[in-house]
Each structure stands twice: as C-alpha cells, then as structure tokens.
Amino acid sequence: MTGTTKGLVVDGLRKRYGDHTAVDDVSFTLAPGSSLAVVGESGSGKTTTVRMLVGLERPDGGTVRLDGQDRSARPRNRSERLSRAREIQMVFQDPYLSLDPRVTVAGCVEEVLRLHTRLNADARRSRVAELLSQVGLGEREATALPRLLSGGQRQRVAIARALAVEPRILILDEAVAALDVSIQAQILDLLAAIRRDSGIGYLFVTHDLAVVRHIAEEVIVLKSGRLVEAGPTDRVLDAPEHPYTRLLLDSVPRRGWNPALAAPGRRALG
Amino acid sequence: MTQDSPQVRSTGDGFPVLDIDGLGVRLPDGQAARPILDGVSLRVQPGETVGLVGESGSGKSVACRSVLGLLPAGARTSGTVRVAGRDVLTMNRTELAALRARQVAMVFQDPRAAVNPLRRVGDFVTEGLRASGMPAAAATTRAEALLDAVGIRDPRGALRRFPHQFSGGMLQRVVIAAALASEPALLVADEPTTALDVTTQAEIIAILTRLRAEQGTGLLFVTHDLELASAICDRVYVMYAGRIVETRGTDELFDRPRHPYTSGLLACTPRIEPGAPTPRPIPGRPVSLAEAPPGCAFAARCAHAQPRCSEETPVLARYGDGLTACHRADEGITL
Amino acid sequence: MTTTATPAAGTPDTLRRRPGLRGLRVLGQGPMFSAAVVVLAALVLVAVLAPVLAPHDPESLDLSASLVGTTGDHFLGTDQSGRDVLSRLIHGARTGLFGPLLVVGVSTLLGTLLGVVAAWRGGWADTVLSRSMDLVFAIPGLLLAILLVAVVGSGMTAPVIAMAVAYTPYVGRLVRSIARQEKARPYIESYRVQGWSGWTICLRHLLPNIAPTVLAQSAMNFGYALMDLAALSFLGFGVQPPTADWGAMINEGQSALQQGAMLPALAPSACIVLAVVAFGIVGEGLADRIAKRER
C-alpha cells in the first residue's frame with residue numbers, strides 16, 4: 001500500500017484478546033466523501049475495527065492511514081491528539097448512554113468548539129445554534145438536559161457534537177439501530193443531507209442489510225473478525241459471491257420470505 | 001373507555017383462542033391516572049398467526065402481556081381479555097397459574113430474563129409439564145423431543161446444563177421449547193428475535209412457524225418490524241398511542257393501507273429489494289396515549305390531517321377486508 | 001409459564017455495608033430518611049455550639065457530687081468524678097464528629113484518587129494499585145490503630161491516621177469499580193474521541209457522575225468510623241481523659257454501672273447508636289436514590 005493514497009486506508013488490521021482474535025487481517029479503503037458500510041453480526045469484529053480507527057482500542061497489527069498519515073500509534077502529544085480528532089469522529093449506538101447526563105445539549109456542543117476552535121464566546125454560541133438547527137433541534141432542546149430528550153433527539157445531538165469538530169470522516173456505529181423505524185428514517189435522511197452538503201465520508205457500521213442499500217455506496221462484510229466480501233453495495237446485495245453474504249441476505253425478513261431457506265446455508269457454513 | 005367495535009371476519013372459524021374486547025388500561029401515576037391502552041380489540045383464531053405492530057409507546061407490549069394477566073402493578077382495566085372463552089382479567093392467582101401452565105405460553109425478547117439462571121435448563125423446560133401432572137420420566141422424554149425439535153444438538157446433555165452455557169439464540173430456542181411443551185392453544189411472542197442476530201432470527205422464526213403449524217397453535221406475534229410481520233403473519237393489527245388504528249389481512253394491509261400511519265410506516269421501513277425507494281420519514285415522533293392530544297393521536301404527524309382530526313377521535317370502521325380508524329379512510333386518498 | 005426470577009435492580013451492590021446494619025436499607029426511604037437527616041443536623045449543631053449549650057464545664061471535678069442522679073441542675077446526673085454527664089455528652093459530640101470527619105475526608109480523597117487512577121490507566125497501574133489496596137484491606141483497622149498508638153503514643157492522631165488508611169481501600173475499590181463501568185460508557189468514550197485529555201475527562205465528567213455513589217458510601221463510612229474511634233477510646237487508645245468523648249465515657253462509666261448508676265455509661269452509648277444509625281440510614285437512602293435515578 002503506498003503512503004499517499006487519498007482517503008482512509010486500513011491495511012491488515014488485527015486485534016487479539018487473549019486467545020481470541022477479534023479482528024483478523026482486515027483491509028479496506030474509504031475514498032474521501034464516500035460512504036462505506038461495515039456489515040456483520042455480533043462477534044464479527046465490526047465494532048472493534050472502528051474502535052481501532054478512532055483510537056479507543058490499540059491494534060495489535062496493521063496500519064490505519066488517512067491521506068497517507070499514519071494514525072495507528074498512540075498520539076504523542078496534545079496537538080496530535082486534537083488533529084486526529086478532527087479527522088475522524090464517531091456516533092455511538094445507544095443514544096441513552098452517549099451523552100453526559102449532567103451537560104445540556106448546547107453545553108455538549110459548545111465544549112467541543114472550545115476544544116477545537118478559537119471562536120470567542122459569542123461566535124461559539126451562534127455556531128452551536130447553527131449546528132443544532134442543522135440537525136433539526138431548536139432553542140428549547142438546546143437548554144435541555146439529555147434526560148428530557150427522546151432517543152431520536154439525543155442521536156441528533158450526538159451527530160451535531162461530532163460535526164462540531166468538522167471531521168473528514170464520521171463513523172456511525174449502529175447509530176440508528178436503537179431508534180423507532182419512523183425516527184430511523186429521519187436520521188438516515190439527515191445523514192444523507194449532511195453528506196451531500198459537506199462532503200464528509202461515512203463509515204456506517206450496521207447489522208441491517210436493508211439500511212445498507214440506502215446509505216452506502218460500498219460495503220464490506222465481516223465474519224468472525226475476517227473480511228469475507230467487499231464491493232459496490234448493489235453488486236454485493238444483488239449478486240453476493242461469498243456464501244455467508246448470501247446467508248445474510250436470505251435471512252432478511254420481507255414479504256414472501258421463507259426463513260427455512262436460510263437454514264441450509266447456515267449449516268453449510270458451520 | 002369501552003366501546004363495541006365491529007370485529008374482523010377472520011380466516012379461521014369457530015371459537016377464537018384469544019378475544020380481546022375493548023381493553024383499556026390505566027396506570028395510577030400520582031393523582032392523575034395515566035392511560036396506556038384505549039379500546040383495544042383483537043382476535044386470534046385457532047392456528048392463526050396474528051401480528052401486532054407498533055413503535056415505542058404504542059402499548060403493544062402491555063396489550064400482549066395482558067393476555068397472561070401480566071399487567072403493571074396497580075393498573076386499572078376495562079373491557080375483557082378472553083382466552084378460550086374465559087376472561088383473564090377476572091381470574092384469581094390459581095386460575096392464572098393454570099392458564100399459564102396449559103393454555104397460553106409467552107416468549108419474551110430477552111431469553112436471559114425469562115429463565116432462572118440458577119436452575120438447570122431441564123427444570124425450566126419440564127416445569128410446565130410437571131405442573132400439569134405429567135410424571136417426571138415422561139416429562140423428561142418429552143423435553144428431549146422438544147429440544148430436538150428446536151434444533152438443539154444433544155438434547156439429553158442440554159437438559160443438564162445451565163442457562164449461561166447457552167448463547168442467546170440457543171437459549172431462545174430453549175424458551176420456545178418450554179413454551180410449546182404443554183401444547184398451548186395460544187403462543188404470545190413479544191419481540192422474540194429483536195435481540196438476536198439476523199441469521200439466528202431466521203432460524204428461530206423458521207422453528208417457531210414450523211412448530212406452530214404442526215401443533216395448530218394460535219400465535220400473537222408482537223413486533224416493531226413491519227417486514228418481519230409481513231413475512232409470517234396472516235393478519236396484522238397496527239397500534240399507535242394505545243389504540244388499534246388499522247387491522248386487515250397481511251397482503252391487503254401492505255398493498256392497500258387505509259390508515260396514513262400504516263402507509264407512513266411502510267414508506268419509512270428500509271427495504272432490501274433492488275430498486276426499493278429510499279425510506280421516507282414520518283415527521284415528529286411516536287407518542288404514547290398519555291401524551292396524545294385529543295382527537296386522532298396521529299393527526300400532528302399526518303400529511304392528510306384536517307381540523308376535524310384533532311377534535312374527534314376516529315373509531316375503527318370497516319373498509320375493504322379490515323378496519324381502519326381514520327376520518328378520511330373512505331375518501332380513497334392515495335397514501 | 002416463563003415467569004421466573006429476573007435479577008432485581010437495586011442499590012449499587014458495590015457499596016460496602018456492615019452485616020449488622022443491612023436492615024437499615026429498608027429505612028432509607030420516606031420519613032425515616034428525613035428524621036435521620038434532622039438527627040445529623042442536630043448533632044452537628046450541638047457540636048458547633050457545645051460551649052454555649054453545655055450547662056456545666058465538662059471537665060470540672062466535684063467529688064462531693066459523685067454519681068448524683070437526675071436533678072434539676074444535672075439533667076442526666078453526674079459521673080463518678082462528679083462531672084455533669086449532659087455537658088460531657090454535648091462536648092463529646094465534638095470529638096465524636098471531628099475524628100470521623102477527618103477519617104472520612106482523608107479516606108474519600110485518597111480512595112477516589114487511587115480508584116480513578118487505577119480504573120482509568122488500567123494495565124500495570126491498576127494491578128499495582130489494586131493489589132496494594134487489597135493488602136491494606138487485609139489488615140484490621142483496629143489492629144493498625146493499636147500498633148500505631150504504640151509508636152506515636154495515645155491521643156486522637158494515631159487512631160485517625162490508622163482509620164483513614166484502613167478506610168481508603170474501601171473507597172478505592174468502590175471508586176475503581178464504578179469508574180471502570182463509567183469509563184466504558186459511550187459518553188466518556190466520545191470525549192476521548194473528541195480529543196480531551198484523560199485528566200480533563202476524569203475531573204469534569206467522570207468524577208461528577210460517580211460522586212453521588214461515593215458520597216453515599218462516605219456517609220455510611222462516617223458512622224462506621226465514629227463507631228471504630230469510639231471503640232478505640234473505650235479501650236483507652238483514643239481520646240485521653242479528662243477530655244469528654246463518648247467512647248471514653250462508656251469506659252469510665254463501667255464501674256458506675258456496678259454501683260447501680262446507669263446514665264454515665266448508657267447515655268453515651270445511646271448517642272453512639274443514634275449517630276451510627278442516622279449515618280447508616282442517610283447513606284442507604286442516598287444509595288437507593290442513586291439506584292432509582294439510574295434506572
């Protein structure tokens with residue numbers, strides 16, 4: 001892999017916990033401004049993979065580069081830590097646990113601006129309002145503590161907070177999985193609009209193949225820590241090459257679906 | 001609030017295994033009682049699979065738990081919940097225990113919360129059989145056959161193991177085996193696969209539908225997942241803010257929804273088929289009955305709402321082969 | 001059918017409780033909680049205003065008035081040396097509260113620091129800190145105090161230092177365990193992803209969110225420390241005569257018991273019980289409130 005490829009280049013990523021290999025030689029590329037879905041079931045290593053990208057876990061092997069800059073090692077100092085934060089941000093799955101219960105919505109976005117920008121208090125305040133309105137939150141929500149908000153509203157706050165850093169890449173770790181389906185569509189809509197306007201890249205971690213169809217241009221499929229299939233979304237979903245991908249697709253409920261069809265595929269894979 | 005609403009002529013004939021009529025539930029919450037359900041009517045015929053679909057706050061879980069007499073502490077009810085003709089709401093403790101041992105079984109979302117972690121799986125599966133008077137040896141034999149039927153390898157060994165030695169999907173199979181052990185007339189499944197991986201979900205659903213068909217059990221399947229309901233149910237009830245807003249046969253519900261909420265749900269559910277349209281969100285958020293304004297609870301989120309919608313609560317009325325609670329259902333609006 | 005036990009969410013089980021005081025858990029709500037708070041407030045007030053409230057000098061001897069029963073002048077009678085029992089009780093509240101305050105203050109600060117560092121750093125730092133806390137944990141506090149008295153000499157200093165050391169691992173283990181849970185929560189992780197330093201995250205976000213639980217434990221520890229220090233005074237290792245102290249008063253009152261005078265020993269005993277139970281109820285009540293809020 002050359003060091004100067006544009007975008008995010010993950011090469012041979014590996015993570016072990018004791019005897020268990022959680023992520024085993026995973027490589028992929030995310031072109032600037034594009035959207036890549038990381039698909040897998042529990043134990044597939046999809047969450048561990050993205051946690052290594054943002055530095056919440058240390059890889060045991062492999063490299064993560066953004067525009068040729070390596071970010072696999074521990075940051076050496078404050079400015080390196082901050083510049084990495086400006087590259088990749090993350091939205092977590094559980095909207096009920098991803099906000100500090102003691103910090104108001106506006107405070108939560110404002111503190112990010114204080115850390116990452118040189119805006120003065122007035123400029124910060126107007127930027128907070130701007131970010132919140134971008135995700136569809138108003139004055140009333142701004143002064144509220146998280147416990148007064150619904151799950152969907154909290155997830156909007158988490159998105160606004162991540163966008164405040166103006167990252168190049170946003171990782172969404174099952175970010176709509178815990179939401180009601182009508183709210184899920186709102187958030188997907190919002191995410192699509194944000195990407196259109198800002199050219200941010202998405203790494204969309206999900207177990208839900210139906211969502212993948214509507215949010216990602218490319219998809220990689222993980223199974224037990226290994227990458228089993230990668231390609232353009234439509235190709236992978238319409239003409240899967242790996243039996244596991246086919247099994248996943250056969251398992252998605254829809255009208256006229258026969259769940260028994262998935263069973264032989266699963267047995268064949270062990 | 002009890003109201004007689006016309007019932008759907010359903011596919012099965014004869015006595016329904018479950019007949020909920022005008023069920024209202026209110027919770028005491030300080031001084032003001034908080035309503036949860038209002039006039040819920042629902043039927044399951046023998047051998048029929050009925051879906052109960054709704055988002056959070058819709059009251060679908062409370063409605064399905066009422067079938068086993070599991071209501072929140074201090075809840076006040078109106079209406080009736082008849083299982084095989086007898087009203088569950090007026091049963092005493094002994095009658096409820098007999099009901100749960102013989103007639104109705106329930107499968108919950110989290111199998112770990114449903115089994116006692118300190119007791120062997122064998123005790124759990126045979127519990128219901130023993131309670132209905134089966135000798136120990138016969139119950140064990142039956143339990144082995146059931147575990148085999150739900151696809152657990154080495155059923156004899158499994159009976160001696162503890163719940164923590166099983167994965168979530170395997171444990172849910174055990175729970176289903178236990179639920180079907182006493183050949184209940186009705187199985188209530190409350191989001192039984194929501195916590196499971198998609199491939200495991202497919203297997204559990206395959207097992208559930210096969211055993212249900214073999215035993216002729218009526219199934220009330222509660223889910224938030226419209227696609228899943230469309231795949232396995234004969235008929236679907238859609239709930240919103242503590243009320244049933246629409247019910248009809250699955251095909252007609254999905255092809256020609258008459259309630260704007262149903263069609264909104266269909267439009268916002270991401271579909272996997274090639275060329276499927278982008279999910280179209282419904283504005284606002286789902287509310288519970290306690291938060292709902294007067295009139296139609298969905299009016300504030302509805303693109304077709306008129307002034308009348310926020311004044312008068314629409315009642316369920318017959319349109320096509322089912323019922324819809326919408327003032328404009330007869331106008332033939334293209335939803 | 002599937003109606004079996006689900007583990008009930010309750011007070012954080014990480015809190016350390018003494019077996020004899022577990023029953024207090026049910027009293028931690030409603031009027032008993034308010035009553036306990038009032039008792040504690042009254043105790044503090046009495047301790048602060050002791051010189052004003054006490055009718056007599058707690059240390060003035062009057063051998064002619066030895067073991068006088070309840071009279072108009074001596075509301076709770078006098079002890080063997082003719083000192084006014086009520087005045088000694090009132091002044092005893094000062095040493096009775098001040099000692100535990102120091103113990104709880106020092107052990108809470110130290111325990112929180114060690115616990116948070118162990119939880120946040122993990123790895124070898126966690127191992128070293130946890131093992132050292134286990135080591136101190138294994139030494140009985142009273143024994144440590146008696147050893148230290150042998151070195152430093154009797155008085156308040158040695159027992160307070162020994163108790164502070166002995167109580168630190170209790171706080172440290174609790175803090176380590178809840179801080180580890182808190183650290184794994186996505187809101188803390190999102191601060192890490194934003195690029196904040198570990199110190200800032202711990203001070204501004206982690207500590208405030210675990211503080212209520214630590215506070216509940218400290219309230220309980222206050223009662224335990226009061227009891228332990230009184231026991232040391234009773235044994236003659238703590239506060240030295242003639243200073244008024246509840247534990248020492250019980251010791252001095254022992255011989256009076258044989259002469260049929262109950263009050264010199266019973267009154268301070270009652271004060272100790274009242275204070276310990278009140279602290280226990282408040283601690284349990286706080287813990288329950290936290291558990292409810294988190295649900």
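Helix axes here are lines fitted to C-alpha atoms over the stretch in contact, and angles between them run from 0 to 180 degrees between N-to-C directions. The model shown in every view is predicted.

**View 1. Helices α5 and α6 of chain C cross at roughly 145°.** The two elements are α5(C), residues 141–152, and α6(C), residues 157–183, and their axes come within 8 Å. Their crossing is right-handed. On the α5(C) side the contact is made by C:G141, C:L144, C:A145, C:L148, C:V149 and C:V152. These meet C:T157, C:A158, C:P159, C:I161, C:A162, C:M163, C:V165 and C:A166 of α6(C). Sorted by class, the contact holds 12 nonpolar residues and two polar ones, with no charged residues.

**View 2. Helices α4 and α5 of chain B pack at an angle of about 120°.** Helix α4(B) spans residues 121–131 and helix α5(B) spans residues 136–149, with 9 Å between their axes. The pair is therefore oblique. As for handedness, α4(B) and α5(B) make a right-handed crossing. From α4(B), the residues B:G122, B:V125, B:T126, B:L129 and B:R130 take part. Their counterparts in α5(B) are B:A136, B:A139, B:T140, B:R142, B:A143, B:L146 and B:L147. The contact comprises seven nonpolar, three polar and two charged residues.

**View 3. Eight strands of chain B form an open sheet with mixed pairing.** The strand order is β6-β7-β8-β3-β9-β10-β12-β11. Strands β6 (104–107) and β11 (317–319) stand at the edges; each has a single partner strand, so one side of each is left without a neighbour in the sheet. From one strand to the next, the twist averages 25°.

**View 4. Strands β10 and β12 of chain B pair in the antiparallel sense.** Strand β10(B) covers residues 243–249 and strand β12(B) covers residues 322–324, and two bridges join them. B:T247 has B:L323 of β12(B) opposite it. Strands of a sheet pair through backbone hydrogen bonds, in either the parallel or the antiparallel sense.

**View 5. B:T90 is placed in a loop of chain B.** The loop runs between β5 (86–87) and α2 (93–103). B:T90 has 11 other C-beta atoms within 10 Å, and a residue with 12 or fewer counts as exposed, so B:T90 is exposed. The C-alpha atom of B:T90 is separated by 9.1 Å from that of B:G69, a residue 21 positions away along the chain.

**View 6. Chain A is in contact with chain B.** The contact involves 33 residues of chain A and 35 residues of chain B. On the chain A side, at least two residues each come from α7 (181–198), α8 (209–215), α9 (233–238), α10 (243–250) and α11 (262–269). Helix α7(A) gives the most, with seven residues. The side of chain A that touches chain B consists of 17 nonpolar, eight polar and eight charged residues.

**View 7. A:D25 has a positive phi although it is not a glycine.** The phi value of A:D25 is about 55°. The residue belongs to strand β2 of chain A, residues 20–30. A:D25 has 14 C-beta neighbours inside 10 Å and so counts as partly exposed.

**View 8. A:E166, a residue other than glycine, also has a positive phi.** Its phi is near 55°. A:E166 lies in the loop between α6 (151–164) and β7 (169–173) of chain A. With 13 C-beta neighbours inside 10 Å, A:E166 counts as partly exposed.

Terms used:
Residues are numbered from 1 along each chain as its sequence is written. Chains are lettered from A and ligands numbered from 1 in the order in which they are written. This is a predicted model: local features need pLDDT of at least 70, side-chain atom pairs count only at pLDDT 80 or more; totals for chains, interfaces and linings use all residues. Helices (H or I, at least four residues) and strands (E, at least two) are DSSP runs, numbered from the N terminus. A residue is buried if 20 or more other C-beta atoms lie within 10 Å of its own, exposed if 12 or fewer, and partly exposed in between; C-beta atoms are placed from the backbone. Two strands pair if DSSP finds at least two bridges between them. Two residues are in contact if their C-beta atoms, placed from the backbone, lie within 7 Å. Ala, Val, Leu, Ile, Met, Phe, Trp, Tyr, Cys and Pro count as nonpolar, Asp, Glu, Lys and Arg as charged, and the others, Gly among them, as polar. Angles under 35 degrees count as roughly parallel, over 145 as roughly antiparallel, 65 to 115 as roughly perpendicular and the rest as oblique. A crossing is left-handed if the near helix is turned anticlockwise from the far one by less than a right angle, and right-handed if clockwise.
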